[in-house]
Amino acid sequence: MIRGRRVAANPIGPPVSASHSALVPEWLTAPAHANELVAPVWPASARRVDDGSVEIGGVSVFDLRDRFGTPLYVLDEIEVRAHASRARAAFDSAAERHGIRARVYYAGKAFLSTEVVRWVVDEGLAVDVCTRGELEVALAAGAEPGRLGFHGNNKSVGELERAVEVGIGSVVVDSPIEIERLAAIADRRGAVQSVLVRVRTGVHAETHAFLATAHEDQKFGFSLEGAVEAVARIRELPSLRFVGLHAHIGSQIFDSSGFRKSAARLVDLHADLLAGGEIPLLNVGGGFGISYTSVDDPKPIEEIADGILDAIADECAVRGIPMPDVATEPGRVIVGQAGVTLYEVGTVKTVAASEDLERTYVSVDGGMSDNARPALYGADFSARLVSRVSHEEPALARVVGRHCESGDIVVDAEYLPRDVTPGDLLGVPATGAYCFSLANNYNYTPRPPVVAVRDGHARVIVRGETVDDLLSRDAGLTASDTTATPHGDTE
């Protein structure tokens with residue numbers, strides 16, 4: 001569930017009153033140790049060293065700042081690989097208990113670069129893409145086309161042409177128009193394309209409305225009734241092969257209960273469709289959540305995998321049908337916790353949030369251009385001072401960006417030491433998923449680089465933009481009109 005919209009707890013200062021309900025979320029309490037890096041939120045390699053500063057993957061935050069600048073996305077390679085391997089093992093084990101096979105697709109929309117594709121493929125994952133750009137990144141990284149899946153509610157003719165041309169493993173069709181479009185392309189190329197049909201099961205994930213994807217009044221997929229017609233049409237077309245149903249109930253989901261409800265409806269439909277031919281696969285989507293704050297408590301991936309596959313097995317047993325192979329598409333749970341964004345503090349000021357509550361505004365050199373999630377759907381994050389420790393009393397703070405929007409909030413509510421000052425470095429953990437992916441150039445701000453850390457070494461895996469990069473797209477200028485303005489060292 002999305003946290004940050006609950007009623008007040010224990011701020012430093014006067015007792016909480018009803019007037020604070022919109023100012024301090026109920027889950028937020030002053031930490032006993034304001035310097036602690038909470039284990040479920042930060043990468044396992046993040047630790048404080050002798051001078052009180054933090055290192056990630058064995059690399060000092062000072063080294064990272066000095067070499068690459070701030071803001072900076074830092075991604076722990078070992079952490080990504082460990083989560084990918086754990087997810088694959090969890091679903092393999094759960095599938096083996098039921099005598100079937102499982103395939104885990106890394107959902108590329110969470111974070112995609114050629115290096116990350118190589119990491120997850122090395123750990124045995126397939127890759128899910130939803131645009132031509134994502135497809136080309138996966139291919140450029142050397143991913144096997146047959147282990148790629150292609151999503152999207154409005155794939156262009158060019159995108160489908162390219163997918164069929166490279167021999168993509170499967171296309172998840174999303175509308176009647178797309179079925180005809182894809183069939184014509186495959187027929188023209190003399191191919192038989194494997195497809196899944198995306199279904200809206202009507203099960204509502206316990207998450208923000210923009211993260212729930214299975215209710216009727218939204219853009220993705222077919223209704224249960226519409227899916228029957230879609231499958232019938234696919235089976236009429238010799239250039240398409242129907243291989244299974246697909247459903248995705250939402251994102252940032254902490255347990256398997258919603259998947260159990262969805263499984264009942266999916267297996268019902270699957271059973272009805274078996275009369276027309278074999279259906280080897282059932283794709284249950286993904287959306288497994290991570291901890292963004294100390295109170296977030298997602299179930300272990302092993303428990304979720306067991307819950308999902310047990311639910312499908314139960315539903316198949318009730319109907320007396322064989323259990324199909326199962327696919328899933330975790331993204332956030334693979335890469336989210338591996339990421340930390342580093343910022344430098346620019347200004348600090350205290351304001352009266354109400355008659356009896358003060359809030360410290362800590363402005364950093366990034367914001368909604370590198371993390372749009374708080375502005376998009378009120379996502380909560382945590383923050384810690386990472387350039388030193390402080391023994392000052394923690395104070396209620398809001399970490400904000402440098403953009404010309406009052407909604408430019410990085411961390412809505414957090415307790416930071418009272419002596420936070422310009423020049424300090426802040427770390428915002430759990431930013432590996434959907435931060436780089438949603439990054440933008442608002443206020444003509446270059447997007448930061450992404451640096452991978454491992455075993456004491458750091459290297460750029462996505463180059464940061466410069467102002468010249470942005471100006472190079474402005475057709476009103478010539479090349480001689482620009483001068484270099486680097487974001488940071490890209491060695």
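Predicted model: local features only at pLDDT ≥ 70, side-chain atom pairs only at ≥ 80, totals over all residues.
After H5 comes Gly 167, which has a positive phi, near 80 degrees.

Leu 160, which has its place in helix H5, is buried because its relative accessible area is 0%, under the 20% cut-off. When residues up to four places away in sequence are not counted, Leu 160 touches Lys 155, Val 171, Glu 178, Arg 181, Leu 182 and Ile 185. A separation of 9.0 Å lies between the C-alpha atoms of Leu 160 and Ala 186, although these residues are 26 residues apart along the chain.

The protein is divided into domain 1, made up of 47-76 + 339-431 + 435-466, and domain 2, which covers 100-335. Taken over C-alpha atoms, the centres of domain 1 and domain 2 are separated by 34 Å. Where the two domains meet, 16 residues of domain 1 are in contact with 17 residues of domain 2. The size of an interface is often given as the accessible area lost when the parts come together. For domain 1 and domain 2 the buried area is about 1300 Å², and carbon and sulfur atoms give 63% of it. On the side of domain 1, Leu 75, Tyr 377 and Ala 430 lose the most area to domain 2, and together they account for 33% of what that side buries.

Across this interface there are four residue pairs in polar contact, both residues being at pLDDT 80 or more, and the count between domain 1 and domain 2 is one salt bridge. Helix H11 (373-377), strand S19 (450-454) and strand S20 (457-462) are the elements that give two or more residues to the side of domain 1 that touches domain 2. Sorted by class, that side of domain 1 has ten nonpolar, three polar and three charged residues.

## Salt bridges around Glu 115

Side chains of opposite charge can pair when their charged atoms come close. In this model the count comes to 34 salt bridges. One of them joins Arg 459 to Glu 115, with the closest N and O atoms 2.3 Å apart. Glu 115 also forms a salt bridge with Arg 118, and here the closest N and O atoms are 2.9 Å apart. Arg 118 and Glu 115 both lie in helix H3 (residues 114-122), where they are three residues apart, about one turn of the helix. Glu 115 is buried, with a relative accessible area of 18%, whereas Arg 118 counts as partly exposed at 33% relative accessibility.

A salt bridge with an N to O distance of 2.5 Å joins the side chains of Glu 136 and Arg 132. Because Glu 136 and Arg 132 are four residues apart in helix H4 (residues 132-140), about one helical turn separates them. An α-helix has 3.6 residues a turn, so residues three or four places apart point the same way.

Glu 393 counts as partly exposed at 42% relative accessibility, and Arg 418 counts as partly exposed at 46%. Elsewhere, salt bridges that share partners join Glu 77, Arg 81, Glu 115, Arg 118, Asp 122, Glu 123, Arg 454, Asp 455 and Arg 459 into one network.

## Pro 394 in strand S16

Pro 394 lies in strand S16 and is buried, with a relative accessible area of 12%. The C-alpha atoms of Pro 394 and Gly 366 are separated by 23 Å, and the two residues are 28 residues apart along the chain.

Technical notes
Residues numbered from 1 in each chain as written. Heavy atoms only, no water. Domains from an automatic or database assignment. Contact = heavy atoms within 4.5 Å. Buried area = accessible area lost by both parts, 1.4 Å probe. Salt bridge = Lys/Arg side-chain N within 4 Å of Asp/Glu carboxyl O. Polar contact = N/O pair within 3.5 Å; in protein donor to acceptor, adjacent residues only side chain to side chain. Nonpolar A, V, L, I, M, F, W, Y, C, P; charged D, E, K, R; others polar. Buried < 20%, exposed > 50% of the residue type's maximum accessible area, 1.4 Å probe, protein only.
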